[in-house]
Amino acid sequence: MGSTNVVMFEGRRGGRSLDTMLVKGRWMDRAGEVVAGSPFLRRNGLRLGDRLRLRKGGREERVTVVGETLDTDDRLVVGDWPTVTALMPQVRPIAYHVKLGEGVDQEAYARAVRAADRGLSVQLSGANSVTGTIVGSATALTVMLALVASLGVFNTAVLNTHDRRRDLGMLKSIGMTPRQVTVMTVTSMAVLGVLGSLLGVPLGIAAHRVVVPRMAAGLDITLPGSMTAVWHPPLLAVLALAGVVIAVMGALVPARRAARLTVAEVLRNE
């Protein structure tokens, strides 16, 4: 690498990771292999397969980068326990990470650990707070956009039925029933919903592919494929259907109002 930097070297044994996601490469499976986050690799101009020399207290170990993780610390390197003890023979574990099974009560587990050894400090952690914030914000934004879209359809349907009052009155005068008027009005808005879905879904996918990688680059991280390859046929079908449903729901109230119009009301307003 040609330069010297201070790094934090974290050693792990047992399960490779309970709280870190692998982006590229693989986890270390033997002494002399390490993984690091995207910021660390970019800061030091490293790629998978490159070698580093770690020094501590007169000891030195050459290690190979075999994996890139979703970690934002640009000074952290993670290796296995034998590599740590080769550099620091007197080191001792300072924390144990335990992954509980589905449905296990965290509080009850913590109480049992404290009862077994009162010298142990237990820190509980749930879902990743950053992930929860992102998902919550995206959900709220989606609901708001759906509401705005419904109000837009509602406004369009109201204006459309108002402009077509004369036509609706003529149709009712020749025998069109209120139900037929409702179906006709809702169907016309549903067609707009279909067109909106056919246009909006591809544009949304294109925007996602442009915006999300740039957001990740702004945070100096690389997202794994599982977090970007989110478009699947069932989801796309649901999104397309959602456009139609929003259009229908937005048009339903104006359609029923139009269906209640009488020929006398239309002629009087004319």
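Which residues are linked with D29 in a network of salt bridges? The network joins R26, D29, R30 and E33. The model described here is predicted.

## Salt bridges around D29 and R30

In total, the structure contains seven salt bridges. One of these pairs R30 with D29, and the closest N and O atoms of the two are 3.7 Å apart. That separation meets the criterion for a salt bridge, because the nitrogen has to be within 4 Å of a carboxyl oxygen.

R30 has a relative accessibility of 47% and is partly exposed. D29, with a relative accessible area of 45%, is partly exposed. Side chains of opposite charge can pair when their charged atoms come close.

## Salt bridges of E60

E60 takes part in a salt bridge with R53, with an N to O distance of 3.9 Å. E60 also forms a salt bridge with R55, and here the N to O distance is 2.9 Å.

As for accessibility, E60 is partly exposed at 38%. R55 reaches 54% relative accessibility and counts as exposed, because the exposed class begins over 50%.

## Nonpolar core

The largest nonpolar core is made of 14 residues. Within this core, F9, V34, F40, L41 and L52 have the most contacts.

Several helices and strands contribute to the core. At least two residues each come from the strands β3 (33-37), β4 (51-56) and β5 (59-69), and from the helices α1 (38-43) and α2 (81-87). Helix α2 gives the most, supplying three residues.

## Nonpolar surface patch

How values were computed: Residues numbered from 1 in each chain as written. Predicted model: local features only at pLDDT ≥ 70, side-chain atom pairs only at ≥ 80, totals over all residues. Heavy atoms only, no water. Salt bridge = Lys/Arg side-chain N within 4 Å of Asp/Glu carboxyl O. Buried < 20%, exposed > 50% of the residue type's maximum accessible area, 1.4 Å probe, protein only. Core = buried A, V, L, I, M, F, W, Y, C linked by side-chain atoms within 4.5 Å. Helix = DSSP H or I, 4+ residues; strand = E, 2+ residues; numbered from the N terminus.
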